[in-house]
Amino acid sequence: MTQDQWGQLKQKLQQSVGQSNFKNWIEPLEFSKLADGVATFHVPTSFLGNYVSQHFGDLILYQMNSLVSDVRRIHFQVPANTTERPTRPAPSTRQTGGGNVVTPGGDSMLPTAPLDERFTFDTFVVGKPNELANAAARRVGEGGPTTFNPLFLYGGVGLGKTHLMHAIAWELQTNRPDLNVVYLSAEQFMYRFVQALRDRKMMDFKEMFRSVDVLMVDDVQFIAGKDSTQEEFFHTFNALVDQNKQIVISADRAPGEIANLEERIKSRLQCGLVVDLHPTDYELRLGILQSKVERHREQYPDLSMADGVLEFLAHRISTNVRVLEGALTRLFAFASLVGQPITLELTQDCLADVLRASERKVSVEEIQRKVSDHYNIRLSDMIGPKRLRNFARPRQVAMYLCKQMTSRSLPEIGRRFGGRDHTTVMHGVKRIEELRIQDAQIAEDLELLRRTLEG
């Protein structure tokens, strides 16, 4: 392969991965040689080589084989005369356009994840289930004095945690470009930690992570059970808090409910502001759809939509905002391709599989939260070991609803309720079935909770 061919290949890769990814990850690659089916590239740092190999390796190999046959694998190598040293580039400027990703400013050696420009405060639809999380995130995004540390955002899939994390990073980049803001997933933190152990560069790892001004870690539940990673995360957390640096964490459940997470880490995570993003209600889902429709109409200006379609979708697809947005995108694309207006009948035909999958898709965690809110008790008390009647009855109600509204087995339900035996679940379900007939209040509670969960 010649340098000219590599230049042609880079142009194709730029079209495939987008301008921002190309500039951050592909442009620094220097083609070195092709020998015995192995294409060797020089990279400025081993981290960049590992990242490109993991995220773009297959794409590069495929594109290379379209120009040169018999390329079996690619190899990334730091030249012997190159010294890897952290550098602090100027913060990246925000791009315009749909769906681009931009790496936030900071140390290029840190595994900072790209930011999606769609995820800003301007595009975040606020409703009662997420208004506290939005207000707290906006306060952090101002870049002022640290008022609560850490900010811990938690909630189920597709409720806006990642959107708010990206929005905070974007806002900080605008308001405080002098700050070194690092946003990454827990998996990236763990990967970087393991790499430092392997390369015997733990001091570099510690210095880099302790030098940030704002550390944002997404999906922290993934470090649970990884003892060494948890220990390093704990020490990094303490070092940043001691320096009054801001920390923002997200997870799919509250700190106290993350299994296999060390107690000292749970305690630290709970010392700041812990905010729950509740499942969306009908009004919020409708508002999200209305905001997305405006964007789709820019792309499909000639498409008309009948009254009642958005209300139908907001009612039927209730568990996941990503599924809701995907359904709307699919609906517009389908209507455009067949050249028909978007009617209720077309919606039902086009989204038949999505609508079927959305029926009765209620999680155990959502049932537990709804029941604890209904009876005004803490979730930790309901799933904990206490046997007081004030906690035992709501616990049995939640078990009954889990049995009726999910496909989980009795042992699985028992594990979600503090590791209880399946016979305990059987007893709780049987007891509620009896009380449902005898006690009008229990019957009313069950009906109200069922309607809330299904709507």
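## Helix packing and a loop residue

In this predicted model, α7 and helix α8 (residues 227–242) pack at an angle of about 40°, with their axes 10 Å apart. Helices (H or I, at least four residues) and strands (E, at least two) are DSSP runs numbered from the N terminus, while axes are lines fitted to C-alpha atoms, for helices over the stretch in contact, and angles run from 0 to 180 degrees between N-to-C directions. Angles under 35 degrees count as roughly parallel, over 145 as roughly antiparallel, 65 to 115 as roughly perpendicular and the rest as oblique; α7 and α8 are therefore oblique to each other. The contact (heavy atoms within 4.5 Å) is formed by M202, F205, K206, F209 and R210 of α7 together with E232, H235, T236, A239 and L240 of α8. By class, these residues comprise 5 nonpolar, 2 polar and 3 charged, where Ala, Val, Leu, Ile, Met, Phe, Trp, Tyr, Cys and Pro count as nonpolar, Asp, Glu, Lys and Arg as charged, and the others, Gly among them, as polar.

Another packed pair consists of helix α11 (residues 309–316) and helix α12 (residues 321–338), with an angle of about 145° and axes 10 Å apart. Here V309, L310 and L313 of α11 meet L324, L328 and L331 of α12, a contact with 6 nonpolar, no polar and no charged residues.

| Helix pair | Angle | Axis distance |
|---|---|---|
| α7 and α8 | about 40° | 10 Å |
| α11 and α12 | about 145° | 10 Å |

D213 is found in the loop between α7 (202–210) and β8 (214–218). Leaving aside neighbours within four places in sequence, D213 is in contact with D178, L179, N180, K245 and Q246. Of these, K245 is 32 residues from D213 in sequence, yet the C-alpha to C-alpha distance is 5.3 Å; for N180, the backbone nitrogen lies 2.7 Å from a polar atom of the D213 side chain.

As for confidence, the chain averages a pLDDT (the predictor's confidence in each residue, from 0 to 100) of 83, and 91% of the residues score at least 70. Over residues 83–103 pLDDT stays under 50, and the model has 55 contacts beyond four places in sequence for them. Where pLDDT is low, the predicted coordinates should not be read in detail.

Residues are numbered from 1 along each chain as its sequence is written, and side-chain values use heavy atoms, with hydrogens and water left out. Local features need pLDDT of at least 70 and side-chain atom pairs count only at pLDDT 80 or more, whereas totals for chains, interfaces and linings use all residues.

Terms used: Polar contact = N/O pair within 3.5 Å; in protein donor to acceptor, adjacent residues only side chain to side chain.
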